[in-house]
Amino acid sequence: MVRLSRTSLFLCNFKAVSSLTVPQTPGIQLDLFASKRPPIQSGRIGLGDYADAIYNVQIHIGGNQLPVVLDTGSSDLWVISSNCNDSDVLSSNLPLYPQDSPTFVSSNLDTTLLYGDSHTGTRAFGRIGQDSINLAGLHLDGQYLAAINNTNTGVTETGSVGIFGLGFPLNSAIWSNVFLASRYALTTTSRRQKCTIPQFSRDYSAAFFPRFEWLTRTSRASNIDDTSSMTSRALASYSSQGPLLVRLIELNRLSVPGFTVSLQRNSVDKGSGNVGLLSIGEFPPRLCEEDFHWVPLRHYLPSQGGLHPPNDIPNETYPISWEIYLDDVYLDGHKLPRSNLSSPAIALSALVDTGNSLLRGPTDVVSHIYHTINQGPGETFPCDAPHTLAFEIGGRLFPVDPRDFISQAFENQVELCTATLVDTDVPVLSEEGGYLYGWNLGVPFMKSVITSFYYGNVTHPSRDPPRMGFKSTVPLDAGKRLKEVVEQANRKRKKI
């Protein structure tokens, strides 16, 4: 159940330097629900549920309560429309968004939302429109979203009917389409397409880099002044056309311009670990700013494909996603080699992504990790052999709990496990720009920390820089606890 309008009993003062007036709306706390794909194994003998595949929250759109995936790796809000007539969607018995509802105001714009990487690329297509949103008591009218009629993301397999992107506006396809249309009265032909979901995909992270050349091309800009003017208009549009949380910030509806995420463990050693909670506009109960280790985000220069700043703030740079710098990566206390597949000129960084069910890294480094823990080829290793993958962030190590680093390899057998780690695309330097992170820290990492996401000043980041805070929740005896869980599962198997 959604925890409506419940504020923390223990509030903290956030040391922000924003010039915005303090709003009157208190923060909110929402329960998070772990959703899993249909299990490959029965779980009769196992370490817990098969996988914490994804996490969702309940959101009200036009009076309809809908479960949506919580995704810090993307920036758009969308839900599957009732116009979708795919048999798998209809048989899921999940509530769909009634696109024919009088509360949905169509923009006559279609959008295609792209997710994933070259290994897991997925997409969602549908009509952009506006509707009222209620998120645990936070109400906002006229919010842009997409009513999806065609997708292969497989969100319904996780008990969700859409995605709630919590990223920055520059990464929002809906915002860029709406802003462009509002400036030049562009529309697209209305379509009612059949929705097809050919296969399940567990990765909803936005790895398709946004392009900003349309700011110049559509304005017929002939010099930097024209581009600067368009950038100023684009930034000013955030309060009316931006993503949900960004609009709430720009409209002074949140006392703290950020949110905090805590993910529960439902797989290995089920019931231990964090409480599943999304805190918006305040910290979780009994936590303050000082409890977190804060680091800055990566900003993209125009030469890296980032947004050109306005003339009045020529040195301004902007983040595109929740991407942080990494000092190094360690396995069982040993520093891992850097990838040879990308330029050493690219600073090591990672996307922090609730919409990704795995850890993802460079192919050669991932292969090195598997070879090390397996002592040879193959991807399975003993479940009761704890391994710790740790990421050094801002001079401090943040380990992945050994219980979150493994996944049971075979049904009714707990001797062999695989790592919750796969490879992903490596960053490259190009004139067109592109994401520069080499790691994607998904659910296994985020179950081992409490993570705070601070937007700061979204239109003038230098005035109140965006940043992220981390608090490790991995116990010192996590390896011992893993061995105990495996031992208990083995005893259960012998009894059966």
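User: Let's start with Lys-335: is this residue buried or exposed?

Analyst: Keep in mind that we're looking at a predicted model. A residue counts as exposed over 50% relative accessible area and as buried under 20%. Lys-335 has a relative accessible area of 51%, so this residue is exposed.

User: Which side chain does Lys-335 meet in a salt bridge?

Analyst: First the general idea: side chains of opposite charge can pair when their charged atoms come close. Here, Lys-335 meets Asp-328 in a salt bridge, at 3.6 Å from N to O.

User: How many salt bridges does the structure hold?

Analyst: There are 10. One of them joins Arg-298 to Glu-323, with the closest N and O atoms 2.6 Å apart. That pair links distant parts of the chain: Arg-298 sits in the loop between β12 and β13, Glu-323 in strand β13, and they are 25 residues apart.

User: Are Arg-298 and Glu-323 buried or exposed?

Analyst: Check each against the cut-off. Arg-298 has 4% relative accessibility, so it counts as buried. Glu-323 comes in at 0%, so Glu-323 is buried too.

User: What does the salt bridge between Arg-467 and Glu-289 tie together?

Analyst: The closest N and O atoms of Arg-467 and Glu-289 are 3.8 Å apart. Arg-467 lies in strand β26 and Glu-289 in the loop between β11 and β12, so the pair ties together parts that are 178 residues apart in sequence. Both residues are buried. A network of salt bridges links Glu-289, Asp-464 and Arg-467.

User: Last one: how do strands β6 and β7 run, and how many bridges join them?

Analyst: As a general idea, side chains in a regular strand alternate between the two faces of the sheet. In this model, β6 (residues 105–115) and β7 (residues 122–135) run antiparallel, joined by 9 bridges. For example, Leu-113 has Ala-124 in β7 as its bridge partner. The hairpin has 6 residues between the strands, and Gly-116 takes a positive phi near 85° there.

How values were computed. Residues numbered from 1 in each chain as written. Predicted model: local features only at pLDDT ≥ 70, side-chain atom pairs only at ≥ 80, totals over all residues. Heavy atoms only, no water. Pairing = 2+ DSSP bridges. Helix = DSSP H or I, 4+ residues; strand = E, 2+ residues; numbered from the N terminus. Salt bridge = Lys/Arg side-chain N within 4 Å of Asp/Glu carboxyl O. Buried < 20%, exposed > 50% of the residue type's maximum accessible area, 1.4 Å probe, protein only.
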